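Open the model in your viewer and keep the selection panel at hand.

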Amino acid sequence: MGATVYLSAAAIDQLTTAQRALDEHVTSSATGYCLRCQLIGPCPTNEQAVATFTRYGRLPRRTPGATRPQLINARRITAGPDPAADLTRRYQP
């Protein structure tokens, strides 16, 4: 069983600031540039924010669609049932 790890207020502030930076400095799927600073992404601000999350062993929150995939004609698709899952049910002893 894992131990509970508590973060200090300073660490939480750093993670909050890093999350804001990640939310603003998103690399566009269409152009490959940062939407905020227009540098080829990931920009230095984005990399610094990722390093902060890495240092604390945390994962950032991701916003679906933030990279604007519709600009490269990406679209959501629905997947049908998994045929392999059906085979395992059919052949169980």
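What is the volume of the largest pocket? In this predicted model, the largest pocket has a volume of about 210 Å³.

**Stop 1: the pocket lining.** Select Leu22, Asp23, His25, Val26, Thr27, Asn46, Val50, Arg61, Arg62, Thr63, Ala66 and Thr67, which line the largest pocket. Colour the selection by element: α1 (9-24) and α2 (44-56) are the elements that give two or more residues to this lining.

**Stop 2: the nonpolar core.** Next select Leu15, Ala18, Ala21, Leu22, Ala49 and Phe53, the six residues of the largest nonpolar core. The elements that give two or more residues to this core are again α1 and α2. The most comes from α1, with four residues.

Leu22 belongs to this core and also lines the largest pocket. Centre on Leu22 and show its contacts: beyond four places in sequence, Leu22 touches Asn46, Ala49, Val50, Phe53 and Pro60.

**Stop 3: His25.** Move to His25, another residue of the pocket lining, placed in the loop between α1 and α2. Is His25 buried or exposed? His25 has a relative accessible area of 10%, so it counts as buried. Leaving aside neighbours within four places in sequence, its contacts are Cys34, Arg36, Cys37, Cys43, Thr45 and Asn46. One of these, Asn46, also lines the pocket and touches Leu22.

**Stop 4: the cysteines.** The structure holds zero disulfides. Now colour by accessibility: Cys34 is buried, at 1% relative accessibility, whereas Cys37 is partly exposed, at 31%.

**Stop 5: the loop backbone.** Stay in the loop between α1 and α2 and select Gln38, which is placed there. Phi of Gln38 is near 60 degrees, a positive value in a residue other than glycine. Then go to Pro42, also found in the loop between α1 and α2. Show the backbone from Gly41 to Pro42: the peptide bond is cis, with omega near 0 degrees.

Note on methods: Residues are numbered from 1 along each chain as its sequence is written. This is a predicted model: local features need pLDDT of at least 70, side-chain atom pairs count only at pLDDT 80 or more; totals for chains, interfaces and linings use all residues. Side-chain values use heavy atoms; hydrogens and water are left out. On a 1 Å grid over the protein atoms alone, a cavity is a set of points where a 1.4 Å probe fits but cannot get out, and a pocket is an open set with protein on both sides within 12 Å along at least five of seven lines; lining residues have an atom within 4 Å of a point. Grid points are joined across faces, edges and corners, and a volume is the space filled by probe spheres set on the points. A nonpolar core is a set of buried Ala, Val, Leu, Ile, Met, Phe, Trp, Tyr and Cys residues joined through side-chain atoms within 4.5 Å. Buried means under 20% relative accessible area, exposed over 50%, partly exposed in between (1.4 Å probe, protein chains only). Contact means heavy atoms within 4.5 Å. A disulfide is a pair of cysteine sulfur atoms within 2.5 Å.
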